[in-house]
Amino acid sequence: MVHFVGAGPGGADLITVRGAKLLKEADVIIYAGSLVNPDVLQYRNENSVVYDSAKMTLEEVIEVMKQAHQEKKDTVRLHTGDKCLYGAVREQMDLLDELGIPYDDTPGVSSFCGAASALQAEYTLPGVSQSVIITRMPGKTPVPEREMVREFAKHGSTMVLFLSSSLLEELQKELLMGAYTEDTPAAIVYKATWPEEKVFACTVGTLAETAKRENIYKTALIVVGDILGSEYDRSLLYHPHFTTEFRKAKK
C-alpha cells in the first residue's frame, strides 16, 4: 500500500495524528525534501528507508513505490501542506492505477491555513469577503488565460497566492488591474508555522518593495484583501437577535 500524506504547513507537530501513525508504520518514505520540514521525519521508525524526491524524477519515485509493493512493504509519500494544492499528486496516482498498486490519501493542513494563523486573520469576514481565491502567478508552469490574477482580482475578495514571491512586481500590476488599489492591505508570510516564520504587513502597492527589503524571494505566501484591515460586520451566528437551530433569538 502507498499512503499519500500531507505533512502540514511546516511545524513538525502540525502533521495529523493519522499522518504521524502512518510514518511510524512505513517501511519506505519518499518526502519532498525541498519543501517538507525534515523534523517531521522524527515520527518515522528507525528501520524505514527514506528517499528525498527533490532529487528524483516522477519515474524514479514510481519505481521506488513499485519495488516496495513487490516486497510487500508500506510506503508513505510525504507532501508539504496538503497535496491537493500544487502537489503534483494526480500523475502519481494515475501511474499507480496503471500498475495496480493500491493507495490511499491522508489530508494535511495547508500552508494557506498556516498563513492565516500567522496573521491571526479570518479569510471570510462578514461584510468584507466571503470567498477565498487560491491561485499563483505563471512561472515555469503556465496559468490558463482565464485564470490570470488580473481576472480574479476583479472580484476584490480575499486572495492567497502560492509560488509567486519572486514575481511581486508583476503581481502588483496584475492585482491593480482589478478591484484592489495601491492601499489595499496585503501581507507576505515567510515559512508559515516553521520556527523561522516571518510576517511582513504591507499593501498591494508595496509588495515588491517589502520583499526586496526583507530579502524574501521564495517559500512565502502572499495574502491580499480588506480582511487584513480593521473594518467588518459582526457575525449573525452568535448575535443575540438571530435565531439558529440551537438557540432562540432574544427580544
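**Figure 1. S110 and the residues it touches.** Leaving out residues up to four places away in sequence, S110 touches P9, G81, D82, L85 and F162, where touching, or contact, is heavy atoms within 4.5 Å. What you're looking at is a predicted model: local features need pLDDT of at least 70 and side-chain atom pairs count only at pLDDT 80 or more, while totals for chains, interfaces and linings use all residues. Numbering starts from 1 along each chain as its sequence is written, and side-chain values use heavy atoms, with hydrogens and water left out. S110 sits in the loop between strand 5 (103-106) and helix 4 (111-119); helices (H or I, at least four residues) and strands (E, at least two) are DSSP runs, numbered from the N terminus. With a relative accessible area of 7%, S110 is buried. Here, buried means under 20% relative accessible area, exposed over 50%, and partly exposed in between (1.4 Å probe, protein chains only).

Figure 2. Q120 follows helix 4, with a positive phi near 50 degrees.

**Figure 3. G10, in the loop between strand 1 and helix 1.** Strand 1 covers 2-6 and helix 1 covers 17-25, with G10 in the loop between them. G10 counts as buried, at 5% relative accessibility. Setting aside neighbours within four places in sequence, its contacts are N37, A192, T193 and W194.

**Figure 4. The largest pocket and its lining.** This pocket holds about 1,100 Å³ of space. Its lining runs to 42 residues, with S34, L35, T80, Y86 and L163 lying nearest the centre. The elements giving two or more residues to that lining are helix 2 (58-70), strand 4 (75-79), helix 3 (90-99), strand 8 (185-190) and strand 10 (220-224). Sorted by class, the lining has 21 nonpolar, 15 polar and six charged residues. A pocket here is an open set of points, on a 1 Å grid over the protein atoms alone, where a 1.4 Å probe fits, with protein on both sides within 12 Å along at least five of seven lines; lining residues have an atom within 4 Å of a point. Points are joined across faces, edges and corners, and the volume is the space filled by probe spheres set on them.

**Figure 5. The second largest pocket.** Its volume is about 170 Å³. R136, G139, K140, T141 and L163 make up the lining. That comes to one nonpolar, two polar and two charged residues, with Ala, Val, Leu, Ile, Met, Phe, Trp, Tyr, Cys and Pro counted as nonpolar, Asp, Glu, Lys and Arg as charged, and the others, Gly among them, as polar.

Figure 6. Beyond four places in sequence, V224 touches S157, T158, M159, L161, L175, Y180, T184, P185, A186 and V204.

**Figure 7. L228, in the segment after strand 10.** L228 lies past the end of that strand and counts as partly exposed, at 24% relative accessibility. Ignoring neighbours within four places in sequence, L228 is in contact with L119, A121, P185, A186, A187 and V223. Its C-alpha is 9.1 Å from that of T158, 70 residues away along the chain.

Figure 8. The structure has zero disulfides, a disulfide being a pair of cysteine sulfur atoms within 2.5 Å. C84's closest cysteine sulfur is in C113, 9.5 Å away, so the gap is too far for a bond. C84 is exposed, with 61% relative accessible area, whereas C202 counts as buried at 12%.
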